[in-house]
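Please open the model in your viewer, with the sequence panel alongside, and follow the selections below in the order in which they come.

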Amino acid sequence: MRLGLRVRIVVLLGALLGLTFAPLYFAISTYAQLSLQRAREDSARSLGRVIGAYVSVARVERSPVALDSLLEAQVGGSGVSAIGVYGPDGLQQAARGERELLPARVVAATEELTRLQGEHGAALAVRIPDAHGAVVTVLRVDDEVAQTAPLTRLVAGYMGLLALALLLAAYFALTRLIVRPLDALRLAAQRVEGGARRLEAPRASTRELDELGVSLQAMTERLLAQEQALRGQVTEIERATAELHQAQAELIRSERLASVGRLSAGLAHEVGNPLSALIGLQDLLLLGGLSPEEERDFLQRMRLETERIQGIVRDLLQFARPERGAPESLPAPPGDVAAALHETLSLLKPQRSFQDMQIELTVEPALPRVVLGTPQLVQVILNLALNAADACGGRGQLRLQARLAAGQIELVVEDDGPGVAPEVRARLFEPFVTTKEVGAGTGLGLAVCRGLVEGVAGTLSLEPGEARGARFVVRLPVSDAQS
Ligand SMILES: Nc1ncnc2c1ncn2[C@@H]1O[C@H](COP(=O)(O)OP(=O)(O)OP(=O)(O)O)[C@@H](O)[C@H]1O
Ligand SMILES: [Mg+2]
């Protein structure tokens with residue numbers, strides 16, 4: 001349990017008062033006892049000397065019997081409980097009263113005061129030397145502790161009352177000066193916590209707490225002002241963000257329009273060439289006057305140009321809707337990357353453009369199947385490998401790798417050619433982007449590849465390789481069906 005401020009301070013004060021008053025109390029009671037004891041001893045000594053002198057005269061002038069009666073007369077009065085008379089040899093010559101308190105022999109002939117503990121309480125023995133030996137007078141004394149008890153009780157009571165009064169005063173002062181103003185401040189702060197907009201600091205009677213209240217009030221007011229400023233900024237940011245979104249949407253729209261424009265231009269260019277050839281050939285045919293062989297040759301050339309257009313249209317369709325590449329719209333069976341690689345190489349190797357290419361194939365054993373079908377895999381690898389051979393001018397190194405990485409199949413097609421030209425890099429995967437001459441390439445290969453790969457949630461990208469050349473990386477998800 002956590003104690004309150006007031007209780008803690010009062011307990012601390014109580015402990016401090018205890019620590020201060022306890023030694024003071026002991027000092028006072030000890031001092032009183034010692035003073036009493038010293039006064040007693042002084043009076044015992046005086047009485048002892050008087051009796052000693054009296055007895056000393058008597059033992060010279062009177063007979064032993066008269067001395068005895070004199071001693072008898074002294075015992076009992078003024079608290080004297082025994083008197084002993086000793087000769088020059090130190091032996092006891094006469095004694096009266098409580099003899100057991102008297103020494104049998106006096107050793108030294110000097111004045112001495114001894115404290116004794118008799119049957120009836122404490123006693124003081126005063127030894128007074130004289131010309132014929134010594135006189136020992138024993139006086140009963142009361143216990144000093146008991147004697148000083150009323151005084152020490154009084155002191156203790158006074159101290160207790162004083163401590164209580166101090167603690168009470170501290171408790172009430174703390175309540176009035178600190179605890180109540182602090183409670184009022186706490187309540188005001190709780191109101192702010194509960195949603196109040198301003199902290200109404202109550203006036204406190206102490207300067208520090210009053211200043212604290214004023215500062216807290218000023219602080220909430222400043223926070224309020226800052227919050228309002230912040231709100232303004234947030235509104236401003238929201239407005240700017242909305243504008244930005246709009247600008248971005250417009251940019252995307254114009255970029256889309258631009259790519260549609262580029263696509264159309266590319267399409268017009270690619271289809272335009274064979275169409276012009278077709279029209280020219282048809283014009284010649286319509287003019288007539290051709291030999292049957294010439295007519296047949298023209299028709300064959302027209303057929304080739306038409307096939308070229310058909311090829312472009314087919315590729316475009318595949319780029320636009322790769323998932324419908326196969327007309328039988330059943331989901332394609334999972335593809336085998338290793339098999340696709342081998343099949344592609346068997347297709348490529350006999351080709352003249354591949355005669356002088358060095359091919360390096362690295363396939364991790366037992367690769368799982370992927371979501372893209374084997375024929376589509378072959379198409380992708382074929383396109384990438386043909387591009388590599390074109391870039392190397394048919395003379396270079398082609399590295400093909402397949403491995404399992406981070407739960408996906410990673411297929412790398414890398415060559416040591418000149419690398420992708422900077423002017424096409426930004427739009428590399430757009431249709432009709434090519435650096436090849438008219439008729440040599442349509443610029444559809446990479447666009448179709450990316451369409452196929454992204455159609456099954458895979459990725460195709462150009463990545464920086466270790467050496468020069470181009471490094472294309474295909475990442476494909478592993479198929480759930482592994483048969
Ligand atoms: N391995 C490569 N090294 C250097 N440049 C490349 C490489 N692969 C592609 N490119 C560049 O990317 C362009 C686009 O390639 P893409 O395969 O899309 O079309 P293409 O090969 O020009 O024509 P298509 O494949 O339609 O016959 C190429 O013209 C070439 O400039
Ligand atoms: Mg190509």
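Begin by selecting Leu168, which lies in helix α3, the helix made of residues 144–193; bear in mind throughout that this is a predicted model. Leu168 counts as partly exposed because its relative accessibility is 46%, a value that falls between the limits of 20% for buried and 50% for exposed.

Next, turn to the open sheet, whose 5 strands follow the order β6-β7-β8-β10-β9 with mixed pairing. Its edge strands, each of which pairs on one side only, are β6 at 357–363 and β9 at 459–462. On average, and with direction ignored, neighbouring strands of this sheet are turned by 10° against each other.

Within the sheet, select residues 408–415 and 471–477, which are strands β8 and β10; these run antiparallel and are joined by 7 bridges. Which residue of β10 is the bridge partner of Ile409? If you select Leu476, you have found that partner.

Then bring in the helices that accompany the sheet. Helix α6, residues 337–348, lies across β6, β7 (396–405) and β8, and its direction runs at about 165° to β6. Finish with residues 445–455, helix α9, which packs on the sheet and touches β9 and β10, its direction making about 145° with that of β9.

How values were computed. Residues are numbered from 1 along each chain as its sequence is written. Chains are lettered from A and ligands numbered from 1 in the order in which they are written. This is a predicted model: local features need pLDDT of at least 70, side-chain atom pairs count only at pLDDT 80 or more; totals for chains, interfaces and linings use all residues. Side-chain values use heavy atoms; hydrogens and water are left out. Two strands pair if DSSP finds at least two bridges between them. Helices (H or I, at least four residues) and strands (E, at least two) are DSSP runs, numbered from the N terminus. Axes are lines fitted to C-alpha atoms, for helices over the stretch in contact, and angles run from 0 to 180 degrees between N-to-C directions. Contact means heavy atoms within 4.5 Å. Buried means under 20% relative accessible area, exposed over 50%, partly exposed in between (1.4 Å probe, protein chains only).
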